[in-house]
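Take a slow turn around this fold before reading on. The paragraphs below go from the pocket to the sheet, then to the helices, rings and loops.

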Amino acid sequence: MTSTDNLPPDPQTSTENVDFWFDPLCPFAWITSRWMLEVEKVRDVHTTFHVMSLSVLNEDKDVEQRYKDMLERGWGPVRIAIAVEQAHGTEALRPFYTAIGTKHHNEEREFDKALYEEVLEEIGLPIDLANAAEDASLDDAVRASHQDGIERVGEEVGTPVIAIGGTAFFGPVLQSIPRGEVAGSVFDGARLLASYPDFYELKRTRKGDLSFD
């Protein structure tokens, strides 16, 4: 990672900004986020990361206990993400999400304080930000960031949410990470659909396993 990887786009250039809402819990958001970082290598695009929360999205829904338990654990990572953003700016979410997502999804680590402290140390932020995982006073800010994304796309969605050219939609949901020019071509298609004001939905049944490679 170079010293410029986490800088926002220069306002004097034509760099296109794409807004992306993630929950560290979600493997689909993880794949889509890695795709967008690939897109940045082959298109003049910058991804701005924002927090959304499956715990907020599903808090009033009747889901099985196993999923409820997962959602309860999901408050910790999003609270820390919000604390990182508040203390160090929105661009700090990029390295935070990369570090915590790599450990959770690629390395199959569970969320706990030791992992949080390891992530924060790795990206050069104060490890006491790990205490934010238990700080319910951050929940209003989590909800506000979540609502910002949801209001752009509607209630009947999950993670991720992406906004291209001012048009937001759920997804794209990908089973593996497009690389190189393939990533750029997939983005071109998503941008084209986003440019059509009456585009609504594409969907099919998913088969097979996810790949984070």
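How much space lies in the largest pocket? The answer is about 1100 Å³. This is a predicted model, where local features need pLDDT of at least 70, side-chain atom pairs count only at pLDDT 80 or more, and totals for chains, interfaces and linings use all residues. Residues are numbered from 1 along each chain as its sequence is written, and side-chain values use heavy atoms, with hydrogens and water left out.

A pocket here is an open set of points on a 1 Å grid over the protein atoms alone, where a 1.4 Å probe fits and protein lies on both sides within 12 Å along at least five of seven lines. Its volume is the space filled by probe spheres set on the points, which are joined across faces, edges and corners. Lining residues have an atom within 4 Å of a point.

The largest pocket has 29 lining residues, and Phe170, Pro172, Val173, Leu202 and Lys203 are the closest to its centre. Two elements give two or more residues to this lining: strand 4 (167-170) and helix 8 (180-195). Helices (H or I, at least four residues) and strands (E, at least two) are DSSP runs, numbered from the N terminus. By class, 15 of the lining residues are nonpolar, seven are polar and seven are charged. Nonpolar means Ala, Val, Leu, Ile, Met, Phe, Trp, Tyr, Cys and Pro; charged means Asp, Glu, Lys and Arg; the others, Gly among them, are polar.

Two strands pair if DSSP finds at least two bridges between them.

Follow strand 3 (residues 161-164). Four bridges join it to strand 1 (residues 16-22), antiparallel. Strand 3 also pairs with strand 4 over four bridges, again in the antiparallel sense. Ile162 is the bridge partner of Phe20, and Ile162 also stands opposite Phe169 in strand 4. The hairpin of strand 3 and strand 4 has two residues between the strands, and Gly165 takes a positive phi near 60° there.

Next, the rings. The structure holds eight aromatic pairs. Rings of Phe, Tyr and Trp (its six-membered ring) pair if their centres lie within 6.5 Å; planes under 30 degrees apart count as stacked, over 60 as edge-to-face, the rest as tilted. The centres of the Phe22 and Tyr97 rings are 4.0 Å apart and their planes at 20°, so this pair is stacked. Phe22 is in strand 1 and Tyr97 in helix 5 (residues 93-106), 75 residues apart.

Finish in the loops. Most peptide bonds are trans. A cis bond joins Thr159 and Pro160, with Pro160 in the loop between helix 7 (139-153) and strand 3. Another cis bond joins Gly171 and Pro172, and Pro172 is in the loop between strand 4 and helix 8.
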